[in-house]
Amino acid sequence: MLWSEFERLGWPLDPWRNFEHMRRAMTRWNAPTVVEFPAVNVWIAENSAIVTAELPGIDPNDIDISVVGKTVTIRGSRKPEGLGEGESYHRRERWQGQFTKTLEMPFNIESGRVEAKFVKGVLNILLPRAEAEKPRKISVKSV
Amino acid sequence: MDEAKKDVQKQEAATPEKGEHTRSRRVYTPAVDIIERKDDIIVIADLPGADEKSVDITLEKNELSIYGKVEPEVPEHHALHLAEYGIGDYKRVFSLTEEVDRDKIQATVRNGVLRIVLPKAEAVKTRKIAVRSEG
């Protein structure tokens with residue numbers, strides 16, 4: 001088939017258009033330009049969402065999670081290693097400082113049933129969807 | 001602030017020149033801090049998802065290798081919506097320039113952080129020589 005025929009049939013002129021669109025969508029996923037600490041993964045189902053974050057070396061008691069409406073906020077800090085006399089850093093790559101990260105879910109969260117666990121430096125938060133807004137099935141009665 | 005943000009992204013390890021991986025999973029280079037103290041050197045590495053059972057440390061000649069295995073956990077019935085980090089093993093190799101007392105190396109893993117204490121061998125420890133005044 002010739003290019004001119006594409007045109008005649010009314011197809012988009014640029015056959016790469018869809019491809020380009022796809023590529024852009026993919027790079028957006030794979031290479032976020034700036035990720036604020038901590039990096040998170042968000043998993044979503046119809047009635048719940050799971051947020052995981054890598055927070056190595058942070059005491060679970062120092063992690064603060066708050067939920068309001070659709071948003072969940074994670075706060076905490078990672079303190080630098082204290083150096084004594086005559087001690088020095090040869091390499092310093094690990095992130096340190098205070099962080100706040102807010103994420104918005106596609107639904108309102110039932111704040112009373114939020115569960116969080118911290119295993120091997122990985123935080124896992126289960127966010128159930130608010131009962132009040134779960135879709136309900138309405139049966140139609142025949143009269 | 002920008003400086004701090006820059007380092008957050010996990011770095012995938014380069015394909016090694018020798019010894020390819022037999023398992024098809026990602027391998028990341030963990031961020032480390034190295035601190036030198038009077039009598040030892042401390043290596044601190046972030047290995048979230050790894051614990052004391054899944055971390056292997058070997059010291060061969062003067063090459064210290066760290067390998068942390070991570071079993072990826074995928075939540076059931078949920079679809080991945082936003083992925084800011086990948087999950088995989090960790091690997092990093094260091095060449096030790098100083099003599100280390102091999103028998104006294106200690107390693108611990110806590111909350112996903114590996115801490116290796118490498119005591120300096122007696123010969124290289126800085127000795128303090130007292131200066132006496134005479135007369």
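## Basis of the model

Residues are numbered from 1 along each chain as its sequence is written, while chains are lettered from A and ligands numbered from 1 in the order in which they are written. The model is predicted: local features need pLDDT of at least 70, side-chain atom pairs count only at pLDDT 80 or more, and totals for chains, interfaces and linings use all residues.

## The two chains

Chain A holds 2 helices and 8 strands. Its pattern along the sequence is α-α-β-β-β-β-β-β-β-β. Chain B holds 1 helix and 10 strands, in the pattern α-β-β-β-β-β-β-β-β-β-β. Helices (H or I, at least four residues) and strands (E, at least two) are DSSP runs, numbered from the N terminus.

Of the 143 residues of chain A, 22% are buried. For chain B the figure is 23% of 135 residues. A residue is buried if 20 or more other C-beta atoms lie within 10 Å of its own, exposed if 12 or fewer, and partly exposed in between, with C-beta atoms placed from the backbone. Take the contacts between residues at least 6 apart in sequence. In chain A, 52% of these join residues at least 24 apart; in chain B, 53% do. Two residues are in contact if their C-beta atoms, placed from the backbone, lie within 7 Å.

## The interface

Here 34 residues of chain A are in contact with 33 residues of chain B. On the chain A side, β1 (40-44), β2 (48-54) and β5 (88-92) each give two or more residues. That side divides into 18 nonpolar, 7 polar and 9 charged residues. The classes are nonpolar (Ala, Val, Leu, Ile, Met, Phe, Trp, Tyr, Cys and Pro), charged (Asp, Glu, Lys and Arg) and polar (the others, Gly among them).

## A sheet across both chains

An open sheet of 5 strands runs in the order β5(A)-β3(B)-β4(B)-β10(B)-β9(B), with antiparallel pairing. Its edge strands are β5 of chain A and β9 (106-110) of chain B, each pairing on one side only. The twist averages 15 degrees from one strand to the next; axes are lines fitted to C-alpha atoms, for helices over the stretch in contact, and angles run from 0 to 180 degrees between N-to-C directions. Strands pair if DSSP finds at least two bridges between them.

Within chain B, β4 (residues 40-46) and β10 pair over 7 bridges, with Ala45(B) partnered by Leu114(B). Another 5 bridges join β9(B) to β10(B) (residues 113-119). Here Ala107(B) is partnered by Ile116(B), and Val109(B) stands opposite Leu114(B). These two strands form a hairpin with 2 residues between them, and Asn111(B) in the turn has a positive phi of about 50 degrees.

## Nonpolar cores

The largest nonpolar core has 19 residues; Val43(B), Ala45(B), Leu47(B), Ala50(B) and Leu114(B) touch the most other members. β4 and β10 of chain B each supply at least two of its residues. A core is a set of buried Ala, Val, Leu, Ile, Met, Phe, Trp, Tyr and Cys residues joined through C-beta atoms within 7 Å.

Leaving aside neighbours within four places in sequence, Leu114(B) contacts Ala45(B), Leu47(B), Val55(B), Ile66(B), Ala107(B) and Val109(B). A second, separate core has 18 residues, including Ala39(A), Val40(A), Ile50(A) and Val122(A).
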